[in-house]
Amino acid sequence: MRVGFDTVIVVRGPINPFGIWGRTVFDRATEYRLFVSPSIVAEYLEVIRRPELVRKYRSVDTRDPHAILSWLAQAEVIELDDAPPVSRDPKDDPILATTVVGSLTWPEAMG
């Protein structure tokens with residue numbers, strides 16, 4: 001399965017590691033192929049370290065940062081020039097475009 005996660009999902013993973021998003025992001029990572037772009041990775045890392053989140057949710061601060069970085073290191077990085085507008089929320093366009101491009105270029109999709 002090929003996926004692109006919205007930042008909200010990536011942030012919710014460490015907030016509640018035993019909830020659906022925590023289990024999906026970390027425990028079930030071998031069941032999907034994550035596609036990201038450099039700007040998406042930058043957004044993930046920036047948002048997850050926001051002081052207000054770290055203060056409000058101690059689990060974000062106590063989650064092993066190596067687990068998050070290791071998870072991201074397994075992702076397929078897709079370079080995008082521009083994401084076409086396809087979503088009601090323009091901030092979701094890069095995630096959708098990255099996943100679509102990744103799905104089209106991933107070796108299993110070629111067969």
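Which residues are buried in H1? In H1, the buried residues are Thr7, Ile9, Val10, Val11, Gly13 and Pro14, where buried means under 20% relative accessible area, exposed over 50% and partly exposed in between (1.4 Å probe, protein chains only). The legends below describe a predicted model, in which local features need pLDDT of at least 70, side-chain atom pairs count only at pLDDT 80 or more, and totals for chains, interfaces and linings use all residues. Residues are numbered from 1 along each chain as its sequence is written, and side-chain values use heavy atoms, with hydrogens and water left out.

**Figure 1. Overall arrangement of the protein.** The protein contains eight helices and three strands; helices (H or I, at least four residues) and strands (E, at least two) are DSSP runs, numbered from the N terminus. Read from the N terminus, the order of the elements is β-α-α-β-α-α-α-α-β-α-α. Of the 111 residues, 34% are buried. The accessible surface amounts to about 7,100 Å², and carbon and sulfur atoms account for 56% of that area (Shrake-Rupley method with a 1.4 Å probe; for residues, only the protein chains shown count as cover). Among contacts between residues at least 6 apart in sequence, 69% join residues at least 24 apart, a contact being heavy atoms within 4.5 Å.

**Figure 2. Packing of helix H1 against helix H2.** Helix H1 (residues 7-15) packs against helix H2 (residues 20-27) at an angle of about 100°, and their axes are 7 Å apart. H1 is therefore roughly perpendicular to H2. Axes are lines fitted to C-alpha atoms, for helices over the stretch in contact, and angles run from 0 to 180 degrees between N-to-C directions; under 35 degrees counts as roughly parallel, over 145 as roughly antiparallel, 65 to 115 as roughly perpendicular and the rest as oblique. H1 contributes Ile9, Arg12, Gly13 and Pro14 to the contact, while H2 contributes Trp21, Gly22, Val25 and Phe26. These residues comprise five nonpolar, two polar and one charged; Ala, Val, Leu, Ile, Met, Phe, Trp, Tyr, Cys and Pro count as nonpolar, Asp, Glu, Lys and Arg as charged, and the others, Gly among them, as polar.

**Figure 3. The N-terminal end of H1 and residue Val8.** Asp6 caps the N-terminal end of H1, with a side-chain oxygen 3.1 Å from the backbone nitrogen of Val8. Val8 is located in helix H1 and is partly exposed, at 42% relative accessibility. The C-alpha atoms of Val8 and Tyr44 are separated by 8.7 Å, although the two residues lie 36 residues apart along the chain.

**Figure 4. The surroundings of Thr24.** Thr24 is part of helix H2 and is buried, at a relative accessible area of 18%. The side chain of Thr24 reaches the backbone oxygen of Ile20 at 2.7 Å. Apart from neighbours within four places in sequence, Thr24 is in contact with Phe5, Ala29 and Tyr32.

**Figure 5. The side-chain pair Ser37 and Ser39.** Ser37 occupies the loop between strand S2 (33-36) and H3, whereas Ser39 lies in helix H3 (residues 38-48). A polar contact of 3.1 Å joins the two side chains; such a contact is a pair of N or O atoms within 3.5 Å, and within protein, one must be able to donate a hydrogen and the other to accept it, while residues adjacent in sequence count only if both atoms are side-chain atoms. Ser37 is buried, with a relative accessible area of 4%, but Ser39 is partly exposed, at 49% relative accessibility. Not counting residues up to four places away in sequence, Ser37 touches Ile78 and Thr98.

**Figure 6. Contacts of Val41.** Val41 belongs to helix H3. With neighbours within four places in sequence left aside, Val41 is in contact with Val36 and Leu72. Val41 and Leu72 are 31 residues apart along the chain, and their C-alpha atoms are separated by 7.6 Å.
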